[in-house]
Amino acid sequence: MSTTDPRPRFVSGAPRHLTPAPRWIADELLGGRPVAGTDTPPVTIREARADDAGDSGVAGYRALRRAVFCVEQGLFPDRPTADLDDHDADPRVVVLLAHDADGTLLGGVRLGPARAAHPDIGWWTGSRLVVAPTARRRTGVRVGAALVRAACARAEAAGVLRFDADVQAAGAVLFDRLGWTRVRDCEVAGAPHVTMRWPVTRVQDLVVATKAPLGALVGGLGPAGFVGDDGAPVPGTDVVACCDAIVPAMVERDPEWAGWAGVLVNVNDLAAMGAAPVGLLDAVGARDASFAHRVLSGVRAAADAYGVPLLGGHTQLDVPAALSLTALGRTDRPVPAGGGRPGHRVRLTTDLGGGWRPGYTGRQWDSTTSRTRAELAATVGAIGPDAPHRPAAAKDVSMAGLAGTLGMLAEASGVGAVLDVAAVPRPDGATAGDWFTCFPGFGLLTADDPGAPAPDAGPAVSAECGELVAGAGVRLRWPDGEQTEAVTAGVTGMGRAGAPAHHPEEIR
């Protein structure tokens with residue numbers, strides 16, 4: 001970036017344990033393309049910990065807050081700590097500081113978890129946005145707008161699913177212009193404010209990218225009551241068949257893991273149908289025999305780990321990388337995704353062990369490669385033929401993520417869903433945004449009557465975390481009672497699954 005570039009620049013000066021702030025914030029969000037021939041000095045936005053009073057930038061930011069909020073506006077008494085609160089002492093809270101080329105502080109904003117004394121569940125607030133009086137009419141860049149845009153990008157990079165700010169009434173127009181939504185009028189320090197919300201569309205974007213085209217392509221396929229399910233009961237038998245393919249880019253990049261994952265996703269599909277696995281078939285495409293061997297090594301390792309026979313398949317060389325598997329299982333009482341109804345409680349049963357798969361941080365959680373055969377069998381059999389209780393509806397969490405998969409279950413059932421964010425089991429190493437949109441290794445969503453017993457899934461944990469409701473889509477419910485939209489309506493466009501082959505009461 002040239003020294004005459006007027007765009008604000010973002011420099012991450014945070015300690016290592018804070019969520020990294022990407023450098024693309026400035027290029028993509030704050031200034032657009034450089035303006036040729038301008039001599040406007042650059043503005044740099046850097047990050048610091050809000051509780052680090054020894055940082056000269058943080059000290060200057062606090063002094064600027066006092067000058068503006070206490071002296072100029074009279075919102076707080078004029079003393080050094082008057083506008084400080086619990087967020088200033090929270091080590092998770094960051095401040096973004098805008099400086100000019102000479103290092104002069106132009107402004108800052110504070111952001112972090114909304115509740116200082118509680119776990120971070122993906123609900124953040126922005127606050128104490130302040131711009132120095134001399135920088136409010138700065139030529140070439142609007143410091144306040146730059147800080148707000150940077151805060152939005154920083155929050156989303158931290159896996160936030162809800163981002164709010166109480167804005168002074170006079171400044172609400174700026175937030176309107178930047179794309180924020182007005183929630184309600186409120187009062188802070190005796191002055192009129194407006195609660196504003198930044199629309200975080202991470203879940204909806206994933207749904208659109210992975211599942212939205214399906215209705216037009218395969219709508220109507222499948223037996224009555226099982227349209228859009230993870231597998232299909234074979235008519236006239238007790239056999240359930242599932243088929244899944246692995247993205248070719250993943251096969252090319254990581255062939256052994258792709259082979260393992262191919263088995264994993266198919267066995268999970270059988271588990272969601274309440275079927276016991278009996279065998280697998282694979283279809284492999286590879287550029288040569290060596291590459292095919294690597295893919296099949298992963299397939300064989302996973303099949304052995306789960307104790308599911310590899311029955312055969314098809315292998316073709318001198319072609320681009322490709323992998324798909326078909327899994328066969330048995331049950332005379334398959335569990336449909338479309339068996340839910342309003343009032344049913346939603347439950348997530350998931351294995352929190354393991355960690356992010358190397359190379360797939362934030363996207364694929366590996367809870368399976370470290371498990372024993374007995375542990376894997378317990379997860380797969382959670383609602384299987386031998387389970388003491390089988391829910392009314394079930395679906396395994398896959399490409400659409402937790403919230404998107406719940407949207408698919410709700411869509412098949414002809415209802416909507418509400419997910420209690422704070423009640424969702426989540427590993428310590430995953431942000432809310434990542435966990436709600438990743439592939440979790442083993443994750444089973446079920447819907448059933450209130451008080452129904454939890455599945456026994458070995459090492460996996462299980463918790464009620466929402467309910468099915470009249471309507472469509474998925475909403476996230478937060479501890480303060482607020483609800484935010486995660487999925488706007490149907491996910492796949494396939495619609496309701498219709499009447500299942502068995503009455504829901506018989507599928508228990």
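The protein chain exposes about 20900 Å², by the Shrake-Rupley method with a 1.4 Å probe. Carbon and sulfur atoms supply 54% of that area.

Notes on the source. I am working from a predicted model, where local features need pLDDT of at least 70, side-chain atom pairs count only at pLDDT 80 or more, and totals for chains, interfaces and linings use all residues. Residues are numbered from 1 along each chain as its sequence is written, and side-chain values use heavy atoms, with hydrogens and water left out.

Fold. I find twelve helices and 22 strands in the protein chain; these are DSSP runs, helices being H or I of at least four residues and strands E of at least two. Of the 508 residues, 52% are buried (under 20% relative accessible area, 1.4 Å probe, protein chains only).

Contacts. I took heavy atoms within 4.5 Å as a contact. Among contacts between residues at least 6 apart in sequence, 76% join residues at least 24 apart.

Leaving out residues up to four places away in sequence, W180 touches several residues, including V148, C152, F163 and F175.

Cysteines. I find zero disulfides (pairs of cysteine sulfur atoms within 2.5 Å). C242 is in none; the nearest cysteine sulfur, that of C243, is 8.9 Å away. C242 is buried, at 2% relative accessible area.

Methods:
Buried < 20%, exposed > 50% of the residue type's maximum accessible area, 1.4 Å probe, protein only.
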